[in-house]
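This report describes selected features of a predicted model.

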Amino acid sequence: MQLADIRAQFPQLQDDLVYLDNAAGGLVPQRTLDAVQAYLSRFGSINSMPGHARGAEVLALKGRARAATALFLNAQPQEVAIGPSATALAFRLSAAFARLWGAGDEVIISELDHEANASPWRELERVGVTVRVWRARDDLTLHVEDLSALLSTRTRLVAFTAASNAFGVRTPVREAARLAREAGAWVMVDAVHMASHELPDVRAWGVDFLTFSPYKVFAPHLGVLFVRRELLAGLPVPKLEFVSDDDITKLEHGTPQYELLCGWLASLEYLRELGGHAELDRGALEAAFRRVAELESPVAAHLLAGLTGDTRVTLYGPHDLAGRVGTFGFRVAGELPEVTTARLRERGVSAASGHFYAVMPVRRLGLYPEGVVRVSIAHYTSLLDAQRLLDAL
């Protein structure tokens with residue numbers, strides 16, 4: 001699909017919206033909206049009950065959504081929990097860790113992380129676990145040699161983001177995961193921000209746990225947690241008594257949002273079409289994300305050149321595309337971020353301001369609590385959208 005055809009599928013873009021807050025949540029294609037409405041029209045709030053026809057259909061839907069989500073991650077269906085948010089699922093995992101570890105155990109978190117991949121592990125301090133921080137360099141990049149210096153035989157978990165949600169900085173995921181595994185630690189990756197730009201691969205990345213949010217990937221509000229199959233039974237998660245220890249549903253507290261699962265399946269079909277494939281498989285998703293990269297690269301390059309070329313703008317993080325995704329955190333000289341975004345709004349440009357729950361890196365820069373202006377693109381962002389931002393600035 002060409003860009004005009006892609007944009008035509010998103011009704012939110014049809015009113016001349018210049019939307020540069022994709023890091024907070026993506027737009028959704030028409031087929032996703034139709035799928036949610038069609039589900040509710042047919043099923044209402046019917047639950048998954050195999051004893052009657054429509055209940056059995058709902059149960060089958062849940063299985064299809066789990067299998068398709070596993071495909072997205074290159075995982076097995078029994079390794080994928082779907083819940084209301086990545087944050088909620090991370091806290092459920094933290095509760096299990098609190099029953100496994102205590103005084104003398106250590107956890108490492110990265111300084112770039114959203115609090116959804118930091119606060120759940122800080123909770124372990126309540127049971128005596130020591131939390132260490134993998135610090136970023138002055139350009140906000142994380143280096144594996146700095147992580148190596150923190151690892152020890154006491155390290156139980158290393159948690160880090162695949163890409164900063166506030167600054168777009170990429171993390172060396174595979175290298176960091178390899179070091180952690182060699183030290184005997186488990187690896188937890190927050191792929192929430194990365195998943196709309198690069199297809200996650202839990203096998204190639206070598207991780208034990210991973211979260212992402214379908215609502216950042218052009219779907220409704222859902223969260224996903226991957227748990228490596230070999231670890232599942234040994235995680236003492238607070239759960240319903242009758243659910244077996246090796247059942248991934250022990251992490252899925254309460255009734256699923258079935259209509260949102262239906263919407264997520266429709267969004268995956270959109271990605272299949274974006275990749276030019278007739279069937280939804282891993283190859284189709286890989287092709288889709290190659291197309292995403294082709295569409296995003298020129299827009300990101302244009303924004304990077306414009307922001308770094310403006311002497312009134314201070315851009316944080318790497319000044320090259322190799323070290324980042326299409327998300328940019330900056331400030332305009334002499335102006336608080338909320339003032340800048342208000343002025344951009346008056347000019348028809350939707351950007352965001354704040355710390356975006358990325359408290360540690362914002363504090364590192366001395367910009368807390370006001371934070372930065374953040375502009376973030378998706379594959380449907382046009383060069384004209386980027387230029388309108390630069391013109392407005």
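**Aromatic pairs**

Across the whole structure, a search finds 16 aromatic pairs. One of them joins Phe72 and Trp264, whose ring centres are 5.6 Å apart; with the planes at 75 degrees, the pair is therefore edge-to-face. Because Phe72 belongs to helix α3 and Trp264 to helix α10 (residues 258-274), this pair ties together parts that lie 192 residues apart in sequence. Phe72 has a relative accessibility of 0% and so counts as buried. Trp264 likewise counts as buried, because its relative accessibility is 0%.

Phe72 also pairs with Phe289: the ring centres are 6.0 Å apart and the planes stand at 65 degrees, so this pair too is edge-to-face. Here again distant parts of the chain are linked, since Phe72 is in helix α3 and Phe289 in helix α11 (residues 282-308), 217 residues apart. Phe289 is buried, with a relative accessible area of 6%.

| Pair | Distance between ring centres | Angle between planes | Class |
|---|---|---|---|
| Phe72 and Trp264 | 5.6 Å | 75 degrees | edge-to-face |
| Phe72 and Phe289 | 6.0 Å | 65 degrees | edge-to-face |

Elsewhere, one aromatic cluster is formed by Phe97, Trp101, Trp121, Trp186 and Phe209.

**Packing of α2 and α3**

Two packed helices are described by the angle between their axes and the distance between the axes. For helix α2 (residues 30-43) and helix α3 (residues 53-73), the axes come within 11 Å and cross at roughly 150 degrees. The two helices, α2 and α3, are therefore roughly antiparallel to each other, given that angles over 145 degrees are classed in this way. On the α2 side the contact involves Tyr39, Arg42 and Phe43, which meet Arg54, Glu57, Val58 and Leu61 of α3.

**Buried side of α7**

Helix α7 (residues 173-182) has Val173, Ala176, Ala177, Leu179 and Ala180 as buried residues. They span an arc of only 160 degrees around the axis and therefore lie on the same side of α7. The elements that cover the buried residues of α7 include the strands β4 (130-134), β5 (155-161) and β6 (186-190), together with the helices α6 (144-148) and α8 (202-205). Just after α7, Gly184 adopts a positive phi of about 90 degrees.

Is Asp385 buried or exposed? With a relative accessibility of 5%, Asp385 counts as buried; the cut-off for that class is under 20%. Asp385 is found in helix α14 (residues 383-392). Leaving aside residues up to four places away in sequence, Asp385 touches Arg7, Leu17, Val18, Leu20 and Tyr380. Between Asp385 and Leu225 the separation is 160 residues in sequence and 33 Å in space, C-alpha to C-alpha.

His277 lies in the loop between α10 and α11. His277 is partly exposed, having a relative accessible area of 30%. Again leaving aside residues up to four places away in sequence, His277 touches Arg272, Gly283, Ala284 and Ala287. Of these, Ala287 is ten residues from His277 in sequence and 8.1 Å from it in space, C-alpha to C-alpha.

Phe356 is not a glycine, yet it has a positive phi of about 55 degrees. Tyr357, also a residue other than glycine, has a positive phi near 65 degrees. What accessibility do these neighbours have? Phe356 counts as buried at 14% relative accessibility, whereas Tyr357 is exposed, with a relative accessible area of 51%.

Further along, Pro369 is placed in the loop between α13 (359-364) and β13 (372-376). The peptide bond leading from Tyr368 to Pro369 is cis, and its omega is near 5 degrees.

Conventions. Residues are numbered from 1 along each chain as its sequence is written. This is a predicted model: local features need pLDDT of at least 70, side-chain atom pairs count only at pLDDT 80 or more; totals for chains, interfaces and linings use all residues. Side-chain values use heavy atoms; hydrogens and water are left out. Axes are lines fitted to C-alpha atoms, for helices over the stretch in contact, and angles run from 0 to 180 degrees between N-to-C directions. Helices (H or I, at least four residues) and strands (E, at least two) are DSSP runs, numbered from the N terminus. Angles under 35 degrees count as roughly parallel, over 145 as roughly antiparallel, 65 to 115 as roughly perpendicular and the rest as oblique. Contact means heavy atoms within 4.5 Å. Buried means under 20% relative accessible area, exposed over 50%, partly exposed in between (1.4 Å probe, protein chains only). The arc is that of the directions from the helix axis to the C-beta atoms. Rings of Phe, Tyr and Trp (its six-membered ring) pair if their centres lie within 6.5 Å; planes under 30 degrees apart count as stacked, over 60 as edge-to-face and the rest as tilted.
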